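Thank you all for making time this morning. I would like to walk through one protein model with you, slowly enough that anyone new to structures can follow along.

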Amino acid sequence: MEINWTDFFAPVWLSVKISVITSIIVFLLATLAAKAMAGRRFPGYSLVETVLLLPLVLPPTVVGFVLLVILGRRSWIGKLYEQFTEHTILFTWGAAVIAAVVVAFPLVYRTVKAGFEGVEKDLEDAARAQGASELQVLAYVTLPLAGRSLAAGYVLGFARGLGEFGATIMVAGNIPGRTQTVPTAIYVAVDGGNMTLAWLWVCSIIGISALMLMFVNRRS
């Protein structure tokens, strides 16, 4: 069977774009949340922790349904977005990014938080005793010591964004050339009996993931 390479690469490029944007957003959000929660206890801590980790245990289709309601044209978020842009959020690649961020956040948060909690407080206190500001302690002590966990968290965010399917197809659909990612393209190819194309997409996503892991391992 002859392969249309333009149609083949469209989901690949879109998946990479969504994964890169997702990984950056979720890494920043998860790092801020993990730093705020690591090693602390306060009233309502368990409730906040549960909310942050909830997408981890929910089926992706449930997450997608909730996002569908929150971002839909009847919600205030959907109405406000449509008022300013004259477009809907749903069934765009931006909606795929939002879905991937929500699904990937708990994985990245939990990994980064474990890294922050593994940093010895005595080292941070020693830096403060030497006159370092909180920003300097964070930049020169906390982040370097938690570096491996931060790198692992970023990789998890990228990989989760690259492989997200359930929530994505709920809020972004599967529009070729617009919102079709590699996972949704594989599903359609298999459903249509086009195993050659499905295998090519599978190999592409494996290759991208492997390159990402090799890059992070070398940096570590």
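Predicted model: local features only at pLDDT ≥ 70, side-chain atom pairs only at ≥ 80, totals over all residues.

Let me begin on the outside, with a nonpolar patch on the surface that is formed by Leu-54, Leu-56, Val-57, Leu-58, Val-62, Phe-65, Val-66, Val-69 and Ile-70, and whose accessible area comes to about 720 Å² together. Which helix gives the largest share of this patch? That is α3, which contributes five residues, and if you look for the elements that each supply at least two residues, you will find α2, running over 45-57, and α3, running over 60-71. As one member to look at, take Leu-56, which sits in helix α2 and counts as partly exposed because its relative accessibility is 31%, a value that lies between the limits of 20% for buried and 50% for exposed.

Now let us turn to the inside. Rolling a probe the size of a water molecule over the atoms shows where empty space is left. Counting cavities of 30 Å³ or more gives one, and the volume of the largest cavity is about 50 Å³. Its lining is made up of Ser-15, Ile-18, Ala-96, Gly-161, Leu-162, Glu-164, Thr-168 and Thr-181, and the elements that give two or more residues to that lining are α1 (5-37) and α8 (147-163).

Gly-163 and Val-182 are 19 residues apart in sequence, while in space their C-alpha atoms are 7.8 Å apart.

My last topic is the backbone. Most residues other than glycine have a negative phi, and most peptide bonds are trans. Against that background, please look at Glu-86, which is not a glycine and yet has a positive phi of about 65°, and at Phe-91, another residue other than glycine, whose phi is positive and near 60°. Glu-86 is found in the loop between α4 (76-85) and α5 (93-117), and Phe-91 also lies in the loop between α4 and α5. Are they buried or exposed? Glu-86 counts as exposed because its relative accessibility is 69%, whereas Phe-91, with a relative accessible area of 37%, is partly exposed.

Conventions: Residues numbered from 1 in each chain as written. Heavy atoms only, no water. Patch = residues over 30% accessible without salt bridge, like charges linked within 9 Å, V, L, I, M, F, W, Y side chains within 5 Å. Areas by Shrake-Rupley, 256 points an atom, 1.4 Å probe, with all protein chains shown as cover. Salt bridge = Lys/Arg side-chain N within 4 Å of Asp/Glu carboxyl O. Helix = DSSP H or I, 4+ residues; strand = E, 2+ residues; numbered from the N terminus. Buried < 20%, exposed > 50% of the residue type's maximum accessible area, 1.4 Å probe, protein only. 1 Å grid on protein atoms, 1.4 Å probe; cavity = no way out; pocket = protein on both sides within 12 Å on 5 of 7 lines; lining within 4 Å. Points joined across faces, edges and corners; volume = space filled by probe spheres on them.
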